[in-house]
Amino acid sequence: MQKSRILDMTEGAILPQIAAFALPLFAGNMFQQLYNTMDCFVVGKFLGKDALAAIGASSQFVFTVIGFFAGFSTGAQIVISQAFGAKNIGRMQDAIHTAILSSFFISLIMTVAGIALSPLVLRLISVPESVFEQADSYLKIYFAGIGFLILYNIGSGILRALGDSRRPLYFLVFSSLVNIALDFLFVLAFKWGIRGAAWATVISEGLSIIPVFFVLMKSDDVFKVQIRRLRIDFQILKEILRIGLPGAIASSITAFSNTFIQKYVNAFTSSCAAGWAVFVRLDQLMQAVMQSIAFAAMTFAGQNFGAGRIVRIREGIKSALSVKIALVAFFALVLFIFAEFLTSIFIDDAESIRYGAVFIRCTAPFYILCAVCMFFAQVLRGLGISLAPTVITFSGFVLLRQAFLFVATRLTPSFYVVSIAYPVVWVFTSIAMICCYRFHSNNLKEERT
């Protein structure tokens with residue numbers, strides 16, 4: 001088996017391996033958020049707060065659809081990484097081809113569903129008429145090209161499952177730069193408005209799948225993709241769905257639940273909605289920080305679980321969690337201190353800046369709790385345990401959050417109540433996820449060592 005850029009995490013020093021995987025993944029996540037954030041910047045600065053509110057109103061529906069596929073992709077990555085850790089190359093190759101072909105069919109379904117449902121969803125969350133048409137146009141264009149994003153994500157996910165996080169970073173840098181250039185070209189030069197921002201995203205995503213599949217199809221390594229081998233192995237698909245479907249459903253429902261937070265935001269002014277849109281983009285950047293180490297830990301756990309190295313998993317988790325908490329604390333502090341300045345980068349309206357800063361400052365001190373919850377959820381999934389973290393996520397991020405908003409906004413109809421909707425549930429989910437990991441970790445020790 002050729003080594004090339006594949007990273008075998010079952011041997012060697014733990015922290016350098018996790019860092020070698022997580023750093024490119026972190027940079028990649030940041031670049032992915034960069035071209036999402038660039039839409040927000042260009043639209044907010046050059047098209048005004050109504051257009052920015054339109055993007056904010058549509059974003060959570062986008063996350064709903066993407067969140068579902070992200071769960072499927074995670075299931076595929078875990079099956080691939082476990083097969084690689086067990087050195088079962090035949091099963092690994094079958095899983096790769098099954099994941100790609102399944103993703104193609106999923107992309108077709110999501111394209112049709114997204115375009116068809118966008119007006120209904122925008123009505124459900126009470127998007128103001130002043131921004132409805134713009135939000136609907138943005139969504140329909142975005143979903144027309146969502147297949148590009150799905151195929152890119154599964155292709156990059158295959159490389160990451162085998163420890164290669166560098167090349168996905170290069171592909172994202174390329175995509176981000178294209179997106180930024182097209183944002184300015186379509187919005188400023190061609191005057192296409194919010195539709196220009198949507199087309200910039202779609203085209204950049206379409207171009208990004210070219211280098212990904214070039215690597216997968218032209219490589220002589222163990223992950224080589226061959227058109228003639230593209231078929232769905234239903235036993236492997238069943239395993240991917242067993243691991244990934246609970247997370248897919250939870251991610252999708254959580255994002256859809258967050259869509260209804262937008263409804264509470266829309267009850268205030270368009271300035272509040274614009275401030276929320278900026279907060280959502282900055283929150284995504286924080287999520288990128290958290291996801292990089294969490295997904296590195298997931299891949300590490302998956303490979304070592306496949307190899308039966310449970311003690312090594314425990315050691316890796318301690319090291320990775322310490323680094324993650326330190327990084328999240330630093331970035332959360334930056335957000336808290338520079339909340340007004342960061343919001344003003346995206347929009348000039350003073351009232352929108354005030355709202356955005358409040359949303360940031362009410363959330364930033366609690367990001368460590370969110371990071372802990374996300375970390376242990378991904379570690380458990382790396383071990384093939386997907387139902388328990390899904391139940392915890394659903395209970396907290398959907399049921400508890402919506403119950404809190406429903407009751408609290410009726411007792412105190414203030415946007416401050418909406419601004420603490422995220423951190424309130426992180427207290428519950430972080431404690432529950434730690435307890436869940438400890439329970440399953442003890443069982444794994446008994447069964448595998």
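Phe190 is partly exposed, with a relative accessible area of 41% (partly exposed lies between buried, under 20%, and exposed, over 50%, with a 1.4 Å probe and protein chains only). The model is predicted, so local features need pLDDT of at least 70 and side-chain atom pairs pLDDT 80 or more, while totals for chains, interfaces and linings use all residues. Residues are numbered from 1 along each chain as its sequence is written, and side-chain values use heavy atoms, without hydrogens and water.

**Nonpolar patch**
- Phe190 lies in the loop between helix 6 and helix 7 (helices are DSSP runs of H or I, at least four residues, numbered from the N terminus).
- A nonpolar surface patch includes Phe190, Trp192 and Trp199, and its members together have about 720 Å² of accessible area.
- Helix 7 (194-218) and helix 6 (166-189) each supply at least two residues of this patch, and helix 7 gives the most, with four.

**Nonpolar core**
- The largest nonpolar core has 143 residues, of which Phe223, Tyr367 and Phe375 touch the most other members (such a core joins buried Ala, Val, Leu, Ile, Met, Phe, Trp, Tyr and Cys through side-chain atoms within 4.5 Å).
- Helix 9 (residues 270-306) provides the largest share of this core, 21 residues.

**Asn304**
- Asn304 is placed in helix 9 and counts as buried, at 0% relative accessibility.
- The C-alpha atoms of Asn304 and Met9 are separated by 7.0 Å, although the two are 295 residues apart along the chain.

Terms used. Patch = residues over 30% accessible without salt bridge, like charges linked within 9 Å, V, L, I, M, F, W, Y side chains within 5 Å. Areas by Shrake-Rupley, 256 points an atom, 1.4 Å probe, with all protein chains shown as cover. Salt bridge = Lys/Arg side-chain N within 4 Å of Asp/Glu carboxyl O.
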